[in-house]
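Here is a short report on a two-chain model, arranged by structural topic. Look at the sequence and coordinates first, then read on.

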Amino acid sequence: MTTKKMAIIATKGTLDMAYPPFILASTAAALGYDVQIFFTFYGLQLLRKDLSNVMISPLANPAMPMPIPMPVMVQMLPGMESIATMMMKQKLKKHGVASLEELRDLCLEADVKFVACQMTVDLFEFDKSEFIEPVEYAGAAAFFGFAGETDICLFV
Amino acid sequence: MNFDKEFNASGMSCPLPIVKTKKALVDMASGQVLKVIATDSGAVKDMQAFADQTGNTLLSTSEEGGAYVFMMQKK
């Protein structure tokens, strides 16, 4: 049986959108897939050692379930993002959902390959020393080298 | 049913029961049985899917006191 492969492009850097790439990658690896995640644009935030700036905002996110109805004017107030993030993290913990750090570690343990888009690293002037290891730096052509051979390819 | 190792995934949500079941199986020998306890109801379908895709055998699934018990035999 040949090893199945999966590639994911992670482009978002918010708390809610950070979960799908890591959940799918760790699960696929557990199922025996050879997995690669290509982090680009805001997805690069997910490679930083410190993930405390990966947050969730109720603003422009009308689908986010809130304990009480919250007018947009209130959502705009300073500190709302921090409050929403804290509440979401508490909720995740209460339901036994792993933290992003834990899921990311499980991915690395399972040999999921992390690739950072060099162009967006330069564009946003990210300091590579702020990123975890191991991370490879490459471009779109390198991504297709792997993605072209995959059974599953997802854009998140 | 006899088993060789137990992994308690109670309180864990997707994907931890599957990812950690895989980890628990790593140092086991072929033919040995891992008992997994989980409270995530999604694990019922996931554990079967895990077995189907990895070649391990899900010998049984049962419910005991609000928890699910899986017997997974290593390939």
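## Cis peptide bonds

A:Pro134 sits in the chain A loop that links helix H5 (118-123) to strand E4 (136-138). Helices (H or I, at least four residues) and strands (E, at least two) are DSSP runs, numbered from the N terminus. The bond from A:Glu133 to A:Pro134 is cis, and its omega is near 0°. Chain B has a cis bond from B:Cys14 to B:Pro15, with omega near 5°. B:Pro15 lies in the loop between strand E1 (5-9) and helix H1 (16-26) of chain B.

The model is predicted: local features need pLDDT of at least 70, side-chain atom pairs count only at pLDDT 80 or more, and totals for chains, interfaces and linings use all residues; side-chain values use heavy atoms, with hydrogens and water left out. Residues are numbered from 1 along each chain as its sequence is written, while chains are lettered from A and ligands numbered from 1 in the order in which they are written.

## Positive phi in chain A

A:Phe41 is not a glycine, yet its phi is positive, about 45°. This residue belongs to the loop between strand E2 (34-39) and helix H2 (72-75) of chain A. A:Phe41 counts as partly exposed because its relative accessibility is 33%. The classes are set by relative accessible area: buried is under 20%, exposed is over 50%, and partly exposed is in between (1.4 Å probe, protein chains only).

A:Ala60 is in the loop between E2 and H2 of chain A. Its phi is also positive, near 60°, and A:Ala60 is a residue other than glycine. With 78% relative accessibility, A:Ala60 counts as exposed.

Helix H1 (residues 15-30) of chain A has 16 residues. From first C-alpha to last, H1(A) reaches 23 Å, close to the 22 Å expected at 1.5 Å a residue. That expected span is 1.5 Å times one less than the number of residues. H1(A) is largely enclosed by the rest of the structure, because 12 of its 16 residues are buried. Among them are A:Leu15, A:Tyr19, A:Phe22 and A:Ile23. A:Gly32 follows H1(A) and has a positive phi, near 100°.

Strand E1 (residues 5-10) of chain A has 5 of its 6 residues buried, so it too is largely enclosed by the rest of the structure. E1(A) pairs with E2(A) in the parallel sense over 6 bridges. Two strands pair if DSSP finds at least two bridges between them. A:Ala10 stands opposite A:Phe39 in E2(A).

A:Phe144 is part of helix H6 (residues 140-147) of chain A. A:Phe144 is exposed, at 56% relative accessible area. A:Phe144 and A:Ala7 are 137 residues apart in sequence, but their C-alpha atoms are 9.5 Å apart in space.

## The sheet of chain B

How many strands form the open sheet of chain B, and in what order? There are 4, ordered E1-E2-E4-E3, and the pairing is mixed. E1 and strand E3 (57-64) of chain B are at the edges; each has a single partner strand, so one side of each lacks a neighbour in the sheet. The twist averages 20° from one strand to the next. Angles run from 0 to 180 degrees between N-to-C directions, and axes are lines fitted to C-alpha atoms, for helices over the stretch in contact.

E3(B) pairs with strand E4 (residues 67-73) of chain B in the antiparallel sense, over 7 bridges. B:Phe70 in E4(B) is the bridge partner of B:Thr61. H1(B) packs on the sheet and touches E1, strand E2 (33-38) and E4 of chain B. The direction of H1(B) makes about 160° with that of E1(B). Helix H2 (residues 43-54) of chain B lies across E2, E3 and E4 of chain B, at about 5° to E4(B).

B:Thr21 is found in H1(B). Is this residue buried or exposed? B:Thr21 is buried, with 0% relative accessible area. Beyond its neighbours within four places in sequence, its contacts (heavy atoms within 4.5 Å) include B:Phe7, B:Leu34 and B:Phe50.

H1(B) also packs with helix H4 (residues 100-109) of chain A, at an angle of about 35° and with the axes 12 Å apart. A:Glu102, A:Leu103, A:Leu106 and A:Glu109 meet B:Leu16, B:Val19, B:Lys20 and B:Lys23 there.
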